[in-house]
Amino acid sequence: MTDLLRINDLSVVFNTDAGHVRANRGINLNVNENETVGIMGESGCGKTVLFLSILHLQQPGRIASGSIMFDGRDLTRLSGNEMRYVRGRQIALVPQDHATALNPAYTVGQQLQEALNIRRNGGGFWAAARAWGQRKGSREEIKEVLDSLAMGDLVENGRLLGRYPHQLSGGIRQRVLIAMALLARARMLIADEPTTALDRASREQMLEVLKQLRGRVTMLIISHDLEAIHSTCDRVAIMYGGRIVETGYMLDVFNHPKHPYTKLFFSCQRFSRGDVLPDVTGDVLNLIDFPAGCSFHPCCPQASPICSEIDPAEIRMGNRTVACHLYRDSGGP
Ligand SMILES: Nc1ncnc2c1ncn2[C@@H]1O[C@H](COP(=O)(O)OP(=O)(O)O)[C@@H](O)[C@H]1O
Ligand SMILES: [Mg+2]
């Protein structure tokens, strides 16, 4: 399998009056073509910063080190103009704040047409607006994609294409963003908390959409919703305190978590399925003053003296990686 995205040793820092917030620390992650990878972790662990950094949207944060290789090019080295070309055309985003992701001044139909034009001729918005409804095959293709995302009924009833984003529910706005990604044939889709802040029915529909896209599109799904990640992802990375502490195939990690944080996080989520994530550690880790050693050691039920002295390196164990001293020598218990 070839990887489409490979993040190497990425660190992202926010310089604030209170000090340097190290929101991402030495992140290593790869996503293979047509694979769906999930990133999980409690609120404040750095998931959204990672999501934004992939597309140079992390400002005022700064990429302090590392590389983000996408299809053989290092995104951290691209200019603003080059990144504008990558965003939407090559990597499509479904941000958590989807209310602002669509253009409020244009209808859904016009924006879907724009996505199609981008693929067909790299055309801009005005070309799309003029072409809307005239271009042979456009309506059919748009309708087909909307059907596949369970929005065909809305089109039939005249409740989608002529509407403006503010007239749509959050779940529909998200699915319109996914439709734009499919029409533009973006190489990769990255979604930040796609199932959060949705009513139950919309959440179920979003899960169905993600399951359906799995295997056909390369996806990175960022969420603290264990059920969403479990039901849609091939592999998963668990984040704590700005670091990835464990990665592996979803079922392996789910059935046999190795890192003590992953174990706690899963037990907490199973306990509170469907609810807001309870805080595993009592306090969200302060990303300015890290404790010496492993940042999880003050809360870790399996901590030993070395854990307060040395930050554990990421150990590879077959298809898994884990950053924990329990696995330092022989592959652990
Ligand atoms: N604009 C900012 N200025 C300073 N710190 C920030 C900023 N944005 C994010 N952070 C820091 O980065 C950490 C990670 O945030 P985020 O990636 O949004 O977490 P989450 O995992 O909940 O998505 C936060 O705890 C916060 O301290
Ligand atoms: Mg977030």
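Visitor: Where does Thr195 lie, and what makes it count as buried?

Guide: In this predicted model, Thr195 lies in the loop between β7 (188-192) and α8 (200-213). Its relative accessibility is 4%, and since buried means under 20% relative accessible area, Thr195 counts as buried.

Visitor: Which residues does Thr195 touch, leaving aside those up to four places away in sequence?

Guide: Thr195 touches Arg203, Met206, Leu207, Ser223, Asp225 and Ala228, where a contact requires heavy atoms within 4.5 Å. As for Ile221, it is 26 residues from Thr195 in sequence and 10.0 Å from it in space, taken C-alpha to C-alpha.

Visitor: What makes the pairing of the side chains of Thr195 and Asp225 a polar contact?

Guide: The side chain of Thr195 meets the side chain of Asp225 at 2.9 Å, and because a polar contact is a pair of N or O atoms within 3.5 Å, one able to donate a hydrogen and the other to accept it, the pair is counted as a polar contact.

Visitor: Why is the pair formed by Tyr240 and Tyr261 called tilted?

Guide: The structure holds six aromatic pairs. In the pair of Tyr240 and Tyr261 the rings are 4.7 Å apart, centre to centre, with 45° between the planes. Rings pair if their centres lie within 6.5 Å, and planes under 30 degrees apart would be stacked and over 60 edge-to-face, so the rest count as tilted; the pair of Tyr240 and Tyr261 is accordingly tilted.

Visitor: Which parts does this pair tie together, and are Tyr240 and Tyr261 buried or exposed?

Guide: Tyr240 lies in strand β9 (residues 235-240) and Tyr261 in helix α11 (residues 260-271), so the pair ties together parts that are 21 residues apart in sequence. Tyr240 has 2% relative accessibility and counts as buried, and Tyr261, with a relative accessible area of 0%, is buried as well. Ring pairs also link Tyr240 and Tyr261 with Phe254, Phe265, Phe266 and Phe296 into a cluster.

Visitor: How do you know that α1 is largely enclosed by the rest of the structure?

Guide: Six of the eight residues of α1 are buried, so the helix is largely enclosed by the rest of the structure. The buried residues of α1 are Lys47, Val49, Leu50, Phe51, Ser53 and Ile54. After α1 comes His56, whose phi is positive, near 60°.

Visitor: Which element supplies the largest share of the shell around ligand 1?

Guide: The largest share, three residues, comes from α1, while β1 (3-16), β2 (19-32) and α1 (47-54) each supply at least two residues of the shell. Of the 14 residues around ligand 1, Gly44, Gly46, Lys47, Thr48 and Val49 come nearest. The shell divides into seven nonpolar, five polar and two charged residues.

Notes: Residues are numbered from 1 along each chain as its sequence is written. Chains are lettered from A and ligands numbered from 1 in the order in which they are written. This is a predicted model: local features need pLDDT of at least 70, side-chain atom pairs count only at pLDDT 80 or more; totals for chains, interfaces and linings use all residues. Side-chain values use heavy atoms; hydrogens and water are left out. A residue is near a molecule or strand if one of its heavy atoms lies within 4 Å of it. Helices (H or I, at least four residues) and strands (E, at least two) are DSSP runs, numbered from the N terminus. Ala, Val, Leu, Ile, Met, Phe, Trp, Tyr, Cys and Pro count as nonpolar, Asp, Glu, Lys and Arg as charged, and the others, Gly among them, as polar. Buried means under 20% relative accessible area, exposed over 50%, partly exposed in between (1.4 Å probe, protein chains only).
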